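User: I'd like to go through the pockets in this one. Can you put the structure up?
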Amino acid sequence: MFISFEGLDGSGKTTQVKLLSRRLREQGRDVVATREPGGTPLGERVRELLLAGKEMSAWAETALFAAARAELVELVVRPALERGADVICDRYVDSSLAYQGVARGLGVEPVLELNLAAVRGLLPDRTFVLLLDPSQALRRAGGGRDRIERETPEFRRDVDRGFRELAERFPERIVKVDAERPRREIAEFIHGALRQPS
Ligand code: TYD
């Protein structure tokens, strides 16, 4: 299975990636967990450009995320799926749809089109979107923020709205998760949802 986790910084998705990976491994499954942007040597360099750099135009930003994603799919995700492993991604295409498509205002359709080309049509079997109030997400995310995390409260609200809209638009793939609940409960919910047929 190919699974992705999405949500604002501070939504707790990284914790859930770890908990699910551990649980599936305990069941004897081969699990590859990866993060975006990054996860490959080229991706890590692109990540630096994206997160440490100065302002850049919205399409340049989108294309760089797509480039890192193309490399990750080619080198890590597809080979893992082909050998029968489960792949769990901390962020994937939906991050670009919510951050660049909705919050940067480029539009979901054109950003999706670019990304589908970059990943040659590979979308997750299941995507978990961790939803919580954007101001609470900001508090939880704490310090150490990068260029994109330093955006305004309005930007974070737009990203949040974007994720909610995506869940309505792709209901067969995206599962909404209430990220305000205790993390063990969230982990149980996610594990249960994976056993339901889509
Ligand atoms: P993030 O997953 O939060 O990295 P880390 O947890 O290591 O800091 O991603 C960094 C930022 O990049 C985050 O603010 C969301 C943003 N982002 C996009 O805007 N578009 C994308 O396609 C991706 C993958 C991330």
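Analyst: Here it is, a predicted model. Start with the largest pocket: helices H1 (13-26), H2 (41-52), H3 (58-82) and H4 (93-103) each supply at least two residues of its lining.

User: Which helix gives the most to that lining?
Analyst: H4 does, with four residues.

User: How many residues line the largest pocket, and which lie nearest its centre?
Analyst: The lining has 26 residues. Nearest the centre are Asp9, Lys13, Glu36, Arg91 and Glu149.

User: How does the lining of the largest pocket divide into nonpolar, polar and charged?
Analyst: Seven nonpolar, nine polar and 10 charged.

User: And how much space lies in the largest pocket?
Analyst: About 470 Å³.

User: Which residues line the second largest pocket?
Analyst: Gln16, Leu19, Leu20, Arg22, Arg23 and Glu26 are among them. The lining also includes Arg184, Ala187, Glu188 and Ile190.

User: Which elements give two or more residues there?
Analyst: H1 and helix H8 (183-195). H1 gives the most to this lining, with six residues.

Key:
Residues are numbered from 1 along each chain as its sequence is written. This is a predicted model: local features need pLDDT of at least 70, side-chain atom pairs count only at pLDDT 80 or more; totals for chains, interfaces and linings use all residues. Side-chain values use heavy atoms; hydrogens and water are left out. On a 1 Å grid over the protein atoms alone, a cavity is a set of points where a 1.4 Å probe fits but cannot get out, and a pocket is an open set with protein on both sides within 12 Å along at least five of seven lines; lining residues have an atom within 4 Å of a point. Grid points are joined across faces, edges and corners, and a volume is the space filled by probe spheres set on the points. Ala, Val, Leu, Ile, Met, Phe, Trp, Tyr, Cys and Pro count as nonpolar, Asp, Glu, Lys and Arg as charged, and the others, Gly among them, as polar.
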